[in-house]
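Visitor: I have the sequence and the coordinates open. Please walk me through them.

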Amino acid sequence: QLFPMMVPDARWTFPVGDGLPTFRPRLNKALWDLYSLIAGPALYDRPLNALRRSLNQPPLRGNTLSAWMHADRTVMLVSRHYHAVEPPAGLPVTWGGFSHWAGPGRAPLDPEVEAYLDAGDPPVLVTVATSAATNAGSRFAAMADGLEARGPRSLLLVGSRGNLAALAGRKGAFEFAPLAPALARCQAAVISGSLGTVGAALAAGVPVVVVPQIFDQVWNGERAEKLGVGVLVRRTEEVPAAVARVLADPGYAERARELARKMAGED
């Protein structure tokens with residue numbers, strides 16, 4: 001399960017965001033079931049249930065929301081220290097910690113990336129999720145310009161040759177670098193809030209500024225704010241001021257390092 005915001009707590013409160021009404025557990029559960037019933041036809045219940053029948057499994061309502069609750073075991077690929085929800089009794093949940101990807105073949109940093117990191121103060125890493133990276137060269141350039149105007153230089157991991165071409169001649173722009181060794185050399189990270197990048201940044205003890213694209217990234221940004229390890233912004237032009245706020249307050253980095261220490265032994 002890669003969407004921690006879809007795990008109900010013991011009262012079956014909807015965990016997708018703050019501000020939603022909450023009631024007694026029985027009514028909360030009824031509303032959850034109603035949501036599954038309504039969402040099912042729009043979210044592929046028919047083909048998913050056809051597959052279930054072909055495997056001699058009973059059909060379910062709201063597969064995309066709740067099928068994981070009927071598994072023998074569901075591993076949550078997030079840290080309990082990041083999302084300390086106690087699910088309802090009986091749900092087959094194991095908390096496994098963030099699942100980190102070390103890059104292709106556990107690749108080391110490219111020598112050009114190493115040289116850039118060695119050439120000055122620790123930069124601010126700027127990257128966005130794959131779904132947000134198409135034709136994003138101008139967004140990367142705007143964020144880098146805004147950061148440099150306030151002082152910190154940036155390490156731009158832009159995800160595609162097209163974005164890299166749009167940043168031709170700009171120092172610190174690279175198509176790819178494995179996150180763990182890059183983040184170890186950075187003082188903060190600007191990310192979309194996708195779960196893998198959130199996990200990598202927090203495991204490195206690096207505070208974050210989250211610029212979300214879709215609902216789960218909004219939730220991760222809100223979670224970073226609640227934990228005091230980051231700031232959520234809605235627009236690209238808000239990024240430089242948010243980074244300045246994070247760098248000016250050492251508490252963000254201290255809390256991020258403390259969270260990383262708590263998560264260090266998880267697998």
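Guide: First a definition: buried means under 20% relative accessible area, exposed over 50%, and partly exposed in between, with a 1.4 Å probe and protein chains only. This is a predicted model, in which local features need pLDDT of at least 70 and side-chain atom pairs count only at pLDDT 80 or more, while totals for chains, interfaces and linings use all residues. Residues are numbered from 1 along each chain as its sequence is written, and side-chain values use heavy atoms, with hydrogens and water left out.

Visitor: Is Phe176 buried, partly exposed or exposed?

Guide: Its relative accessible area is 40%. Values between 20% and 50% fall in the middle class. So Phe176 is partly exposed.

Visitor: What span does helix H1 reach from its first C-alpha to its last?

Guide: Helices (H or I, at least four residues) and strands (E, at least two) are DSSP runs, numbered from the N terminus. H1 covers residues 25-42, which makes 18 residues. The expected span is 1.5 Å times one less than the number of residues. That expectation is 26 Å, and H1 comes close to it, reaching 26 Å.

Visitor: Why do the buried residues of H1 lie on the same side?

Guide: The buried residues in H1 are Asn28, Trp32, Ser36, Ala39 and Gly40. The arc is taken from the directions from the helix axis to the C-beta atoms. They share a side because they cover an arc of only 115° around the axis.

Visitor: Which exposed residues does the opposite face of H1 carry, turned away from the buried side?

Guide: Helices H2 (45-54) and H3 (63-66) are included in what covers the buried residues of H1. Contact here means heavy atoms within 4.5 Å. The face turned away carries the exposed Arg26, Ile38 and Pro41.

Visitor: Which residues does Leu60 contact, leaving aside neighbours within four places in sequence?

Guide: Leu60 sits in the loop between H2 and H3. Leu60 is buried, at a relative accessible area of 14%. Leu60 and Asp45 are 15 residues apart in sequence, yet 7.6 Å apart in space, C-alpha to C-alpha. The contacts are Asp45, Asn49, Arg52, Ala67 and His70.

Visitor: With which side chain does that of Thr197 make a polar contact?

Guide: Thr197 is part of helix H8 (residues 195-203) and counts as buried, at 14% relative accessibility. A polar contact is a pair of N or O atoms within 3.5 Å; within protein, one must be able to donate a hydrogen and the other to accept it, and residues adjacent in sequence count only if both atoms are side-chain atoms. At 3.2 Å, the partner is the side chain of Ser194.

Visitor: Is the pair of Phe3 and Phe215 stacked or tilted?

Guide: Rings of Phe, Tyr and Trp (its six-membered ring) pair if their centres lie within 6.5 Å; planes under 30 degrees apart count as stacked, over 60 as edge-to-face and the rest as tilted. The structure holds six aromatic pairs. In this one the centres are 6.2 Å apart and the planes are at 10°, so the pair is stacked.

Visitor: How many residues apart in sequence are the parts that this pair ties together?

Guide: Phe3 lies in the segment before H1. Phe215 lies in helix H9 (residues 215-227). So the pair ties together parts whose separation in sequence is 212 residues.
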